Amino acid sequence: MGEVRKLQKKLRQIENLEIKINLNPEERFKISRKEELRRRLAELQLELRGPQQAPGVPEADMKRAAEDAPEVLPSQAPPASKILKGLEEAPPATRRATGGSAEAARRRQRAANVTAASREDGRDASEERPDGDAELTSLKTCWQKAKFRLRLLEGHNDIITCVLAVDNLVISGSRDTTVKVWHVPTATEHKNLGGHTGGVTCLSAPPADYCKKLARSLSLSDDERFLLSGSADCNVKIWALSVGQCVKSIYTFNAVTALCFVPEGDGYIVTGSDGGKVQAWRWRTLDNCQSINAHREALTSIQAQGPLVFSGSSDGGVSVWENRCGEREPLRLLHDWSGRVTGCAGGRLALSPRGDRVLLAYGRPWIKILQWTTGTVSRLTNHSSVTGVTDCVHQAAGLLIGSCYDVANGESRLNLFSLPQCHYLASLTWPRAPRMLCFAAWTTGSGARRWVSGGRDLVVWEQLPAAGKQRGDITVKRDVRLESPLESEGDTEDDEETDEHLDDDDEDGDAGGDEDDAGSAGSWLRCVLQ
């Protein structure tokens with residue numbers, strides 16, 4: 001099993017290298033070995049399963065089965081019909097317990113948490129379960145019948161790092177240094193915004209009323225919409241979408257890895273750098289009004305939500321800021337949770353609809369859930385194998401959507417969970433689906449869902465009527481191994497140790513070289529916090 005783990009680790013490192021914003025020749029050579037390593041991993045898995053081969057089963061079929069059968073996570077819990085609310089970290093004594101007594105202690109703790117959460121809502125747990133189960137069953141049935149038509153938007157010649165939806169337009173940024181605007185109804189390229197000299201890492205769109213203020217100052221139409229793009233070339237560019245031209249530019253002196261527009265007061269642009277710096281810029285004048293060395297490593301996400309601004313870093317740290325519009329320095333730190341608290345070595349972030357939770361996707365098989373007011377962390381299983389990777393999470397219309405990619409066999413899908421309980425609903429995929437690094441969602445005027453995913457390919461998902469005769473392009477699957485309840489960090493201590501074993505410095509030769517580069521591979525990773 002030792003060599004299997006080493007190969008799994010090397011494949012994870014190669015996948016991280018593959019999405020770096022800049023690649024050198026040595027890194028490109030390492031990436032070229034991916035298929036070779038995958039074949040070797042499949043052969044080793046076949047050898048390990050060899051004694052169990054059934055008579056009459058061809059070896060080729062067994063090899064395919066070995067490739068398709070992931071290594072199951074040791075933490076996989078049995079399916080549960082009730083997702084815990086208000087999980088609290090289990091007492092130390094419970095975490096240290098072993099055998100049957102540990103399991104009994106965990107069951108008692110979970111039951112107590114469910115009861116306490118129900119009483120806080122003014123209901124008894126036994127009273128709310130029937131209606132909740134019926135609603136969950138209805139949701140699962142609905143998604144099992146879901147149909148989507150997929151449209152491939154072709155035009156970028158490198159990976160897509162960020163996507164955004166504005167009205168009937170999809171906007172994508174790529175490592176090829178361009179920003180492209182797409183007309184969704186016709187699936188055609190509407191504008192090509194060239195001007196950056198480095199890979200584009202992040203996008204943001206100011207609300208219409210703030211666009212109107214800038215449009216008037218530039219003698220443009222009041223209906224003009226603007227777009228912000230950040231790049232590794234240290235620039236933030238402001239684009240007028242109707243004409244496809246850059247109308248303003250901010251030089252930040254550092255590679256821009258995250259940005260957002262803060263619609264408070266006169267408006268602010270908040271940027272994050274590859275060195276961990278957070279900066280605020282006034283929308284009216286584009287003057288720099290605040291610079292903070294907020295994180296130790298590259299910023300991975302910045303997003304405004306009401307009076308709060310959230311920032312995340314590739315070292316796993318999450319900071320929460322109060323936005324004091326009108327002040328000379330508008331951002332004041334409220335909470336700062338380090339990577340030791342979140343348990344994440346970098347990742348993509350999303351804010352839950354209730355506003356008291358931050359979802360953390362950090363390149364592992366789980367989605368971490370941080371209660372940012374208390375620092376309590378729980379996790380949700382998003383992949384049944386230790387070779388699973390979660391690149392992005394998104395919330396839309398009562399859904400938690402998490403990307404899911406297996407570095408061992410290249411399979412990719414989207415997993416859907418209900419909000420706020422995080423019940424698993426279904427998984428959506430299609431043949432040869434690519435890795436999905438970024439995601440955006442919106443609803444049409446008729447109430448139909450439209451999504452866009454970016455990575456190696458840029459794909460628009462258009463929901464079709466379930467009762468219609470038109471066939472969809474996606475396959476709906478269910479993985480019962482994802483029906484585990486939310487787990488508090490106290491319940492998953494052993495599992496984290498198992499996962500961390502993949503990061504031990506126990507490799508030699510060429511493997512060690514991959515490991516050295518993997519440490520910096522995630523430094524630029526842009527995380528979406530929606």
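Modeller: I would begin with N254, which counts as partly exposed because its relative accessibility is 23%; buried means under 20% relative accessible area, exposed means over 50%, and partly exposed lies in between (1.4 Å probe, protein chains only). The model is a predicted one, in which local features need pLDDT of at least 70 and side-chain atom pairs count only at pLDDT 80 or more, while totals for chains, interfaces and linings use all residues. Residues are numbered from 1 along each chain as its sequence is written, and side-chain values use heavy atoms, with hydrogens and water left out.

N254 lies in the loop that runs between β9 (245-251) and β10, where strands are DSSP runs of E with at least two residues and helices are runs of H or I with at least four, numbered from the N terminus. Leaving aside neighbours within four places in sequence, N254 is in contact (heavy atoms within 4.5 Å) with C234, S273, D274 and K277. Of these, C234 is 20 residues away from N254 in sequence, yet their C-alpha atoms are 4.9 Å apart in space.

Two strands are taken to pair if DSSP finds at least two bridges between them. The sheet in question is open, has 4 strands in the order β10-β11-β12-β13, and is paired antiparallel. Its edge strands, each pairing on one side only, are β10 (256-262) and β13 (288-293). The twist from one strand to the next averages 15°, with axes fitted as lines to C-alpha atoms (for helices over the stretch in contact) and angles running from 0 to 180 degrees between N-to-C directions.

Elsewhere in the chain, another open sheet of 4 strands has the order β1-β29-β28-β27, with antiparallel pairing. Its edges are β1 (147-152) and β27 (436-443), each pairing on one side only, and neighbouring strands are turned by 20° against each other on average, direction ignored. Within this sheet, 7 bridges join β27 to the antiparallel strand β28 (residues 449-455), and A440 has V452 in β28 as its bridge partner.

As for the whole, the protein chain has 11 helices and 31 strands, and 55% of its 530 residues count as buried. Among contacts between residues at least 6 apart in sequence, 56% join residues at least 24 apart.
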